[in-house]
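Welcome! Let's take a friendly walk through a protein chain, starting with the whole and then visiting a few places along the way.

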Amino acid sequence: MAYQLWLDFGAGFVEYSGSLFGRNPVRRQRAIYNDLKPVISTCRFSLIRNTALVTQLLTTSADIPVRILDGEAPYFVGYVRPTFKATVNGSHGLEAVEVEAVDLWYKLDRTVGTTRTINGWAVSNPSNKAASLLHQIFYDAGIADSELSLAAVTATVPSITLTAGSGTYRS
């Protein structure tokens, strides 16, 4: 398996495949739904002692988008969180750094930031995203339109109120 690692520190995706460390540098953990709620999948990867890259990972204060390909096939898409902590492997200085990325569902754990009442919107309406319940909830949670691929669900929600600070988008 030839993995490709791509990270975006704000100027577009850059390939860091040459910085992967070890025989099996990438390990993905896929989660299944828990009580019909989406759960967060993770992917860990090991990096060689590239101090410039490690410094960027440790000092960036925003989510770092990550894409991992297995050959040419998509393997994992997600983020390295800004709360990333380095795990240093090696007894004599920096040998490798273990990094954990999470998929985009972790953004649903953010606290609801906007109070709004929604009446009569479709569950999912890709042709009218301004009146699509799922699109608006995902946008409020910080998920970009380019990260979504939602099918149309024409059922309407009679009424729902989201109250700022009352919980997370997942709950």
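## The chain as a whole

A residue is called buried when its relative accessible area is under 20%. By that rule, 35% of the 171 residues of this chain count as buried. Please keep in mind that you are looking at a predicted model. The accessible surface of the chain comes to about 9800 Å², and carbon and sulfur atoms hold 52% of that surface.

The chain has two helices and 10 strands. Starting at the N terminus, their order is β-β-β-β-α-β-β-β-β-β-α-β. Now look at who touches whom: among contacts with a separation of 6 or more, 62% are between residues 24 or more positions apart.

## Strands side by side

Find strand β1, residues 3–8, and strand β5, residues 64–70: these two run antiparallel and are joined by five bridges. At Tyr3, the residue standing opposite in β5 is Asp70.

Strand β5 also pairs with strand β6, residues 73–80, again in the antiparallel sense, over seven bridges.

## Two nonpolar cores

Which residues have the most contacts inside the largest nonpolar core? They are Leu5, Leu7, Val26, Phe45, Leu47, Val66 and Ile68, in a core of 21 residues. Two or more residues of this core come from each of β1, β4 (42–48), α1 (51–59), β5, β6 and β8 (96–102). Apart from it lies another core, this one of 16 residues, including Leu104, Val112, Leu133 and Val157.

Leaving aside neighbours within four places in sequence, Ile68 is in contact with Tyr3, Gln4, Leu5, Val26, Cys43, Phe45, Ala73, Pro74, Tyr75 and Phe76.

## Ser17, a loop residue

Ser17 sits in the loop between β2 (13–15) and β3 (26–29). Is Ser17 buried or exposed? Ser17 counts as buried because its relative accessible area is 18%, and the cut-off for buried is under 20%.

The side chain of Ser17 has two partners to look for. One is the backbone nitrogen of Leu5, reached at 3.0 Å; another is the side chain of Glu15, in a polar contact of 2.6 Å. Not counting residues up to four places away in sequence, Ser17 touches Tyr3, Gln4 and Leu5.

Helix α2 covers residues 133–141, and Leu133, His135, Gln136, Ile137, Phe138 and Ala141 are buried in it. These buried residues pack against β9 (116–124) and β10 (153–162). Just after α2 comes Gly142, with a positive phi of about 100°.

Now turn to Lys107, in the loop between β8 and β9. Lys107 has a relative accessible area of 6%, so this lysine counts as buried. What does the side chain of Lys107 reach at 2.9 Å? The answer is the backbone oxygen of Gly142. Beyond its neighbours within four places in sequence, Lys107 is in contact with Asp63, Tyr79, Ala141, Gly142, Ile143 and Glu147. Lys107 and Asp140 are 33 residues apart in sequence, and their C-alpha atoms are 9.7 Å apart in space.

How values were computed. Residues are numbered from 1 along each chain as its sequence is written. This is a predicted model: local features need pLDDT of at least 70, side-chain atom pairs count only at pLDDT 80 or more; totals for chains, interfaces and linings use all residues. Side-chain values use heavy atoms; hydrogens and water are left out. Helices (H or I, at least four residues) and strands (E, at least two) are DSSP runs, numbered from the N terminus. Buried means under 20% relative accessible area, exposed over 50%, partly exposed in between (1.4 Å probe, protein chains only). Contact means heavy atoms within 4.5 Å. Accessible areas come from the Shrake-Rupley method with a 1.4 Å probe; for residues, only the protein chains shown count as cover. A polar contact is a pair of N or O atoms within 3.5 Å; within protein, one must be able to donate a hydrogen and the other to accept it, and residues adjacent in sequence count only if both atoms are side-chain atoms. Two strands pair if DSSP finds at least two bridges between them. A nonpolar core is a set of buried Ala, Val, Leu, Ile, Met, Phe, Trp, Tyr and Cys residues joined through side-chain atoms within 4.5 Å.
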